[in-house]
Amino acid sequence: MNRNNILEPLLHVLVLVILFGFPYTFVGSHEVVDWKTAVNRSIVPVALCIIFYADYFLLVPKLLFNGRTAMWFNVNICLVLILAGVMRLWQWYFFLGGHVPLPPPGSGPEPFGAVRPGIEFTFFFRDMTMLSLVAGLSVAILYGKRWMQTENLRKEAERLRIESERGRMEAELMNMRNQLNPHFLLNTLNCIYSLIGFDREKAREAVSDLSRLLRYVLYEVRQDMVPLHKEVDFILDYIALMKMRFDANVHVRTHIDIFENSRTEIAPLLFIALIENAFKHGMNPSGCSEVKISITEDGTKICCETENSYHPEKRSGSVSGIGLEQLARRLEILYPHRYEWKYGPDSARKIYRSSLTIMKRIG
């Protein structure tokens, strides 16, 4: 059972005990409380309970919450007038009807609830004010409950929306992984195919290197995150495989500066799209080409920077293609507001640079 379902009735019982018990705090040690006095002391709590619970269970839910504000207001005015009149009539009958004699003015304390004819209207308006405040209290409580229920529904809807969005993003990431693996495999096979024609020994070595790369892609990439040092080892194997393909006119430089056996977690195959792009679009068959790859890590961020010769006539895929499109989408899903990616040619339009920085999650 919901805790609120138990707590609310207990609070009502507590308030009723306080309400009906409060008048007896004025009982003096010399005063005898008989049944008539007990009934008299109960008239005010009973009236307050009537106005409160009439609004709480009937008038507010049926009228006020259904937009019938004028009707609710008029019914409450009538109820307040009737209850205030009954309270005054009862007090007049009980004290002035001969049941409880009133002492002379100023001769001592008067019985609880005693009134004198000269101030009857003052007490009548006091009772009306008190009853009106209690009616307003029931409205405030119900509006508070309604707000809490609405807020709980809103939070539940937001939770379901977030779960749905998370499920959609996970499905999208899984789909991108399924596309990424064949894409990477295709590029690597093209590399090996180019080796077969002029160096079969290198081609055999490349197949062996490819087996290690595929082992990583097929098994490690199933995880959402991998240690940075494993991802870097994979990238170095890939670079070594690419180097087999090129002659002395292609210069490949690598710079790796990460923590030893870094356990920093990163999404798998995140940087490989930049490196593939640098090799694919930085080669000039008729001249010298250069590819630089740098991966660094410090206490707050991880950076992957690539730099390659810029050949505008081959640039159709430099900032597009399935690899980079997927990279952009993965970054938005996995690292929202935690990454910076800059790319483009330098001012002389000789070098194409790409710099991706991933901010670490602190704490």
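Q: Buried means under 20% relative accessible area, exposed over 50% and partly exposed in between, with a 1.4 Å probe and protein chains only. Which residues of helix 6 are buried?
A: The buried residues of helix 6 are Leu228, His229, Glu231, Val232, Phe234, Ile235, Tyr238, Ile239, Leu241 and Met242. This is a predicted model, in which local features need pLDDT of at least 70 and side-chain atom pairs count only at pLDDT 80 or more, while totals for chains, interfaces and linings use all residues. Residues are numbered from 1 along each chain as its sequence is written, and side-chain values use heavy atoms, with hydrogens and water left out.

Q: How many helices and strands does the protein have?
A: The protein has eight helices and seven strands. Both are DSSP runs numbered from the N terminus: helices are H or I with at least four residues, and strands are E with at least two.

Q: What share of the residues counts as buried?
A: Of the 363 residues of the protein, 37% count as buried.

Q: And what about contacts between residues 24 or more positions apart?
A: They account for 71% of the contacts in the protein with a separation of 6 or more. Contact means heavy atoms within 4.5 Å.

Q: Back to helix 6. What span should its residues have?
A: Helix 6 has 16 residues and should span 22 Å at 1.5 Å a residue; its end C-alpha atoms are 23 Å apart, which agrees. The expected span is 1.5 Å times one less than the number of residues.

Q: At what angle do helix 5 and helix 6 pack?
A: The angle is about 155°, with the axes 10 Å apart. Axes are lines fitted to C-alpha atoms, for helices over the stretch in contact, and angles run from 0 to 180 degrees between N-to-C directions. Helix 5 and helix 6 are therefore roughly antiparallel to each other. For reference, angles under 35 degrees count as roughly parallel, over 145 as roughly antiparallel, 65 to 115 as roughly perpendicular and the rest as oblique.

Q: Is the crossing of helix 5 and helix 6 left-handed or right-handed?
A: Helix 5 passes helix 6 in a left-handed crossing. A crossing is left-handed if the near helix is turned anticlockwise from the far one by less than a right angle, and right-handed if clockwise.

Q: Which residues meet there?
A: On the helix 5 side they are Ala206, Asp209, Arg212, Leu213, Tyr216 and Val217, and they meet Lys230, Glu231, Phe234, Asp237, Tyr238 and Leu241 in helix 6.

Q: What do the side chains of Asp237 and Arg212 form?
A: The two meet in a salt bridge, at 3.9 Å from N to O. Asp237 lies in helix 6 (residues 228-243) and Arg212 in helix 5 (residues 200-219), so the pair ties together parts that are 25 residues apart in sequence. A salt bridge is a side-chain nitrogen of Lys or Arg within 4 Å of a carboxyl oxygen of Asp or Glu. Asp237 is partly exposed at 24% relative accessibility, and Arg212 is partly exposed at 37%.

Q: Why can such side chains pair at all?
A: Side chains of opposite charge can pair when their charged atoms come close.

Q: How many salt bridges are there by this rule?
A: The count comes to 13 salt bridges. One of them joins the side chains of Asp127 and Arg88 at 2.7 Å, N to O. That pair links distant parts of the chain, with Asp127 in helix 4 (residues 120-196) and Arg88 in helix 3 (residues 69-96), 39 residues apart. Both Asp127 and Arg88 are buried. Arg88, Arg126 and Asp127 are linked in a network of salt bridges.

Q: What are the closest N and O atoms of Lys342 and Glu340 apart?
A: They are 3.3 Å apart, and the two residues form a salt bridge. Lys342 is exposed at 53% relative accessibility, whereas Glu340 is partly exposed at 42%.

Q: Now helix 7. How does helix 6 cross it?
A: The axes of helix 6 and helix 7 (residues 272-281) come within 11 Å and cross at roughly 15°. That makes helix 6 roughly parallel to helix 7. The crossing is right-handed. Phe234, Ile235, Tyr238, Ile239 and Met242 in helix 6 meet Ile272, Ile275, Glu276 and Phe279 in helix 7.

Q: What is the phi of Leu269?
A: Leu269 has a positive phi of about 55° although it is not a glycine. Leu269 sits in the loop between strand 3 (265-266) and helix 7, and is buried at 4% relative accessible area.

Q: And the phi of His337, what is that?
A: His337 also is not a glycine, yet has a positive phi of about 60°. His337 lies in the loop between helix 8 (321-334) and strand 6 (339-345) and counts as exposed at 84% relative accessibility.
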